[in-house]
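Some notes follow on a structure I was asked to look over. They are set out as numbered points.

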Amino acid sequence: MIDKQNNEWETIFQAIGHPAIILDPNHKILAANSASIRLTGKTASEIIGRQCYEIFHGKDITEPPEGCPMEKLLNSGQTETVDMEMESLGGIFLVSCTPVFDELGKLQKVIHIATDITERKKAEERVLQERNFADSALNSLPGIFYMFDMAGKFLRWNTNFEKVTEYTYEEVSQAGPMDFFAGSDRDVIQKKMHEVFVKGSAETEAILVSKSGKSTPYYFNGHKAQINGVQCLIGMGINISDKKKIEEQLRQSQKMEAVGHLAGGIAHDFNNILTAIIGYGSLLKNLIPANDLMYDYVQQILTSSEKAASLTHSLLAFSRKQIIELKPVDANDIALRMQKILARIIGEDIEINIILSRCDLIVMADQGQIELVLMNLATNARDAMPNGGRLSLTTNAVEIDDEFVKTYNFGSVGKYAVITFSDTGSGMDKKTADRIFEPFFTTKQVGKGTGLGLAMVYGTIKQHNGFINLYSEPGEGTTFRIYLPLAKTVQTKKEEKTSKNIVPGNETILLIEDDEAVRNVTKAMLEHFGYTVIEAFNGTEALQVFEKNKDAVQLVISDIIMPGQNGKETYNAMKQTKPNLKVLFVSGYTANILTQRGILDETTNFISKPLNPNSFSIKIREVLDK
Ligand code: ADP
Ligand code: MG
């Protein structure tokens, strides 16, 4: 009976598919089933009676390995399960160890049954490595990564997500997607989330609001995915602050370009009309005795026309179509000369501080135009300080590098003279500051402001290849900074002399002008000065007329831009037959080439419309007598 029972146990022991052994309390192997014998690659007699660790952990192992549960079994008296790496067998096993006690409670035997879990462990390791890889990849993303289920519960996110939102890991795991948005953006995000789960993907831009309330524009996308049997939204968010800024700048500059074209077009035509009004007016004035009542009327017409001409000039300046004459000047000299003018423009209750750079700041500039720029800034500063304050004008040199351009998003690399103009006045908010360079933008009462001052400033500085920026806050005053490129090679020219009277002459002049009104008034002026005038309305006609009169003609006065052959080409053709022929160009407009370059050739004789008879007569003599 007993034998039969023993036989049965033996059969069961052998039938266990897993390696099984029975040990005595000293780790000696009492029995081993066929699976365990197969595992060792030895025979039963080689195993029985040997120490368990010698067989299963390696023949050099002389004591129970770390993690051996024998001690624990004595204490607990229950089955213990341990993971054991058995080197000599090249695998990892899950070993369940069951103690067997005799009637007196003394440990008699331990039954070990092992399960090979090597593959499972390897798979677990692979999963762990995959997870590490995914975590590193997600954490290295420049944007934020998120994954949440249909209920909006966050399942996974990268470290950047916590950094940007300023919420901790625990807080994110408790949060929902809506917690990172405010106002109407919440509706947008809700709709887009719905879209992802219905259509498979969606994208949008929205303002991400951090825990401390910081708002940042972001681009978000989302894709539907089935992860571990759960419908999820997986997506990324990218900070688009820079892109937004550049878009805004582009929009602003395109607007300025468009308005500039419009304003420039009107101003150009207007300029020609004013040329006629001022020209005839001046002639008329010269014919009327100063004590005649009519003299006054004409004077009134001229004064108003001059005002109109100045407005037109501001518009031309804004649209960068004014003629500027660039000469080397020291920005310090300009500032110094402004001192007196400033004192006149602003009231006595405003203190003026002028601090000049100790280095020469030679720039290629039209001194008169830059003075006008500063006068406009001064007028605005005065208006911003009705109760007095301080105005400061400083000059210095700066070098703009890539870093500067990247940081401030304006300017281009190079050396510049900087004229800083600040006031302690009312300042302005960002909405106003964004628009101040637009023509006709004014916050002043009707009749007080034209909104053209800063438009002129903007165009003039651009035409000088410079740029202007401002810093202002309500109540904190305003600082404008004008950057003008420093000239590389510099030679200073002598000051031009100016005179108040008409300077006469008697030479023969060929006048080329396509605008009839302008041609007529210019001819009338020239004749008034005493010259003999031959006219032509375009280049082709001019060449024919010149052929017939080339001995008599000493000077050509020509418009630059004309349909067909332009003034310069016409003059160059004539010069072929008469090399000593002199020329004076006239224009209200710069030729495209001139506009693009922003420069008039230094050696070219030039005068701009509308023509002032005195300066015109002086300029003609200068050219003829040179
Ligand atoms: P206007 O002076 O005719 O209004 P501007 O083009 O010179 O036109 O200026 C436009 C607007 O810019 C002003 O109406 C004013 O709102 C603002 N502004 C210009 N300069 C200053 C300044 N120094 N302080 C405060 N606001 C200014
Ligand atoms: Mg102004």
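Predicted model: local features only at pLDDT ≥ 70, side-chain atom pairs only at ≥ 80, totals over all residues.

1. The ligand and its surroundings. Ligand 1 has 18 residues around it, and the nearest of them are D423, T442, T443, K444 and G451. For D423 the approach can be given in atoms: an N or O atom of its side chain is 2.7 Å from a nitrogen atom of ligand 1.

2. Backbone approaches to the ligand. A polar backbone atom of T450 is 2.8 Å from an oxygen atom of ligand 1. At G453, a backbone N or O atom lies 3.5 Å from an oxygen atom of the ligand. Two or more residues of the shell around the ligand come from each of α13 and α16, the latter spanning 453-463.

3. D366 sits in the loop that joins β13 (362-365) to α13 (367-384).

4. The model holds 28 salt bridges. One of them joins K72 to E80, with the closest N and O atoms 3.9 Å apart. E80 has a relative accessible area of 15%, so this residue counts as buried, the limit being under 20%.

5. A pair between a strand and a helix. E205 and K243 form a salt bridge with an N to O distance of 3.4 Å. Because E205 belongs to strand β8 (residues 201-209) and K243 to helix α10 (residues 241-287), the pair ties together parts 38 residues apart in sequence. Are the two side chains buried or partly exposed? E205 is partly exposed, with 35% relative accessibility, and K243 is partly exposed as well, with 41%.

6. A pair between a loop and a helix. In the salt bridge of E507 with R621, the N to O distance is 3.0 Å. E507 is in the loop between β17 (478-485) and β18 (508-512), while R621 is in helix α21 (residues 613-625), so the bridge ties together parts 114 residues apart in sequence. Both residues of the pair, E507 and R621, are buried.

7. A network. Salt bridges also link D83, R120, K121 and E124 in a network.

8. F467 lies in strand β16, which covers residues 467-472. Its relative accessibility is 12%, and F467 therefore counts as buried. Along the chain F467 and Y483 are 16 residues apart, yet their C-alpha atoms are separated by 5.3 Å. With neighbours within four places in sequence left aside, F467 is in contact with I400, F410, G411, S412, Y416, I461, R481, I482 and Y483.

Technical notes: Residues numbered from 1 in each chain as written. Chains lettered and ligands numbered in written order. Heavy atoms only, no water. Helix = DSSP H or I, 4+ residues; strand = E, 2+ residues; numbered from the N terminus. Near = heavy atom within 4 Å. Polar contact = N/O pair within 3.5 Å; in protein donor to acceptor, adjacent residues only side chain to side chain. Salt bridge = Lys/Arg side-chain N within 4 Å of Asp/Glu carboxyl O. Buried < 20%, exposed > 50% of the residue type's maximum accessible area, 1.4 Å probe, protein only. Contact = heavy atoms within 4.5 Å.
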